Amino acid sequence: MKTFASRSAPDRRLSVAPMLDRTDRHCRYFLRLISRRTLLYTEMVTTGALLHGDRDRLLGLDPAEHPVALQLGGSDPKELAACAHMAEQAGFDEINMNLGCPSDRVQSGRFGACLMAEPGLVADCIAAMQEAVSVPVTVKTRIGIDERDGYRELRDLVGALAAAGCDAVVVHARKAWLKGLSPKENREIPPLRYEVVQRLKGDFPKLPVVINGGVTTLAQARSLLRGLDGVMIGRAAYHNPWLLATADLEIFGDYRPPPSRRQVLAAYIAYLERKLAAGVPLHAMTRHILGLFRDRPGARRWRQAISGPAQRPGCDGSWLLEAAPLDP
């Protein structure tokens, strides 16, 4: 078994989850302006899309995004290895394999949560990617699927991953129902079982274990970090991105002062103007900043302003600072 310190790993104490139609390159650039240290993940990218689609678009990465991990969906070891190599060449700091998505589309492609039932195949995939890249290779999984939610089966899966050289395991502390629940319902209905993830860490003390699911505050994250190696926050960080503003200090001990909301917005406008000149639609970028002033006076007017002018052809970003509420 490899030693888990053998590769240069990003600091996983806090990360933002891979989220479909959310954590694209523009969202990641925006979140990086708020927190220098939080590890960011891409949306899941399938091996088929990378091998046969627009690689430049799918692997587009701004140097400012680091540290950033690419999440892959697939089940063919050779294809995953090839895609992991592409991702490393593009500059990603980590390759993460999706074992958690329960959607019908993902199941039909034989990847995501359904692969929890095939630990041998997943171990082969991890080993193949490890051979192909020098950056860490990790997995994001659930605690179980359908009726297969006993701890022993999860432990055996994680044991197989560790033996194959997996550098870290991110565990969504809910099981997934492959039939009968939508992806949204699978994020909310199966009960959270943090104790299962904590038990895994006890059984695999040398393997970095990161917990995901139901975390909405940094106080929760700090509490969970007492026994685990990292905490991953999902939609709470997307809808209320300013919760990351004190993460560098509270989680990472970085005492550099955080920027103000308006400073973040000014920096994002500069990015936005560059991308507009390259042909990126304005709404593709402004949609990610709707929550910047959440819970502040004027937040509703801010959201309305973005949802209005940003839809009209010919608009640029010059009006955003005028529309923004004053900083507290």
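Student: Is Asp295 buried or exposed, and what is its relative accessible area?

Tutor: This is a predicted model, in which local features need pLDDT of at least 70 and side-chain atom pairs count only at pLDDT 80 or more, while totals for chains, interfaces and linings use all residues. Residues are numbered from 1 along each chain as its sequence is written, and side-chain values use heavy atoms, with hydrogens and water left out. Buried means under 20% relative accessible area, exposed over 50%, and partly exposed in between (1.4 Å probe, protein chains only). Asp295 counts as exposed because its relative accessible area is 64%.

Student: Where is Asp295 found?

Tutor: Helices (H or I, at least four residues) and strands (E, at least two) are DSSP runs, numbered from the N terminus. Asp295 has a positive phi of about 70° although it is not a glycine. Its place is the loop between H14 and helix H15 (299–307).

Student: What is the phi of Asp146 near?

Tutor: Most residues other than glycine have a negative phi. Asp146 lies in the loop between strand E5 (137–142) and H7, and at 24% relative accessibility it counts as partly exposed. Asp146 is not a glycine, yet its phi is positive, near 50°.

Student: Which peptide bond has omega near 0°?

Tutor: Most peptide bonds are trans. The exception to look at involves Pro67, found in the loop between helix H3 (55–58) and E3. The cis bond, with omega near 0°, runs from His66 to Pro67.

Student: In what order do the eight strands close into a barrel?

Tutor: The secondary structure of the chain comes to 16 helices and eight strands. Two strands pair if DSSP finds at least two bridges between them. In the barrel the pairing is parallel, and the eight strands close in the order E1-E2-E3-E4-E5-E6-E7-E8.

Student: How many bridges join E6 to E7?

Tutor: Val169 has Val209 in E7 as its bridge partner, and Val170 stands opposite Val210 in E7. E6 and E7 run parallel, and the number of bridges joining them is four.

Student: What is the handedness of the β-α-β crossover from E7 to E8?

Tutor: E7 and strand E8 (residues 230–233) pair in the parallel sense over three bridges, and Ile211 has Val231 in E8 as its bridge partner. From E7 the chain passes through helix H10 (residues 218–224) to E8 in a β-α-β crossover. A crossover is right-handed if, with the strands pointing away from the viewer, the path from the first strand over the helix to the second runs clockwise. This crossover is right-handed.

Student: Which residues cover the two faces of strand E7?

Tutor: Strand E7 spans residues 209–212, and both of its faces are covered, with four buried residues. One side has Val209 and Ile211, and the other has Val210 and Asn212.

Student: Why is H1 largely enclosed by the rest of the structure?

Tutor: The buried residues of H1 are His26, Cys27, Arg28, Tyr29, Phe30, Leu31, Arg32 and Ile34. They pack against E1, E2, E3, helix H11 (235–239), helix H13 (261–277) and helix H14 (282–286). H1 is largely enclosed because, of its 10 residues, the number buried is eight.

Student: At about what angle does helix H1 run to E2?

Tutor: Axes are lines fitted to C-alpha atoms, for helices over the stretch in contact, and angles run from 0 to 180 degrees between N-to-C directions. Helix H1 (residues 25–34) lies across strand E1 (14–16), strand E2 (39–46) and strand E3 (68–73), and its angle to E2 is about 170°.

Student: Which residues does Ala164 touch, not counting residues up to four places away in sequence?

Tutor: Ala164 is found in the loop between helix H7 (151–163) and strand E6 (168–172). Ala164 counts as buried because its relative accessible area is 19%. Contact means heavy atoms within 4.5 Å. Beyond residues up to four places away in sequence, Ala164 touches Ala123, Ile126, Ala127 and Gln130.

Student: What radius of gyration does the chain have?

Tutor: The radius of gyration is taken over C-alpha atoms, and the globule rule is 2.2 Å times the number of residues to the power 0.38. Buried residues make up 54% of the 328 residues in the chain. For 328 residues a compact globule would have a radius of gyration near 20 Å, so the chain agrees with the rule at 20 Å.
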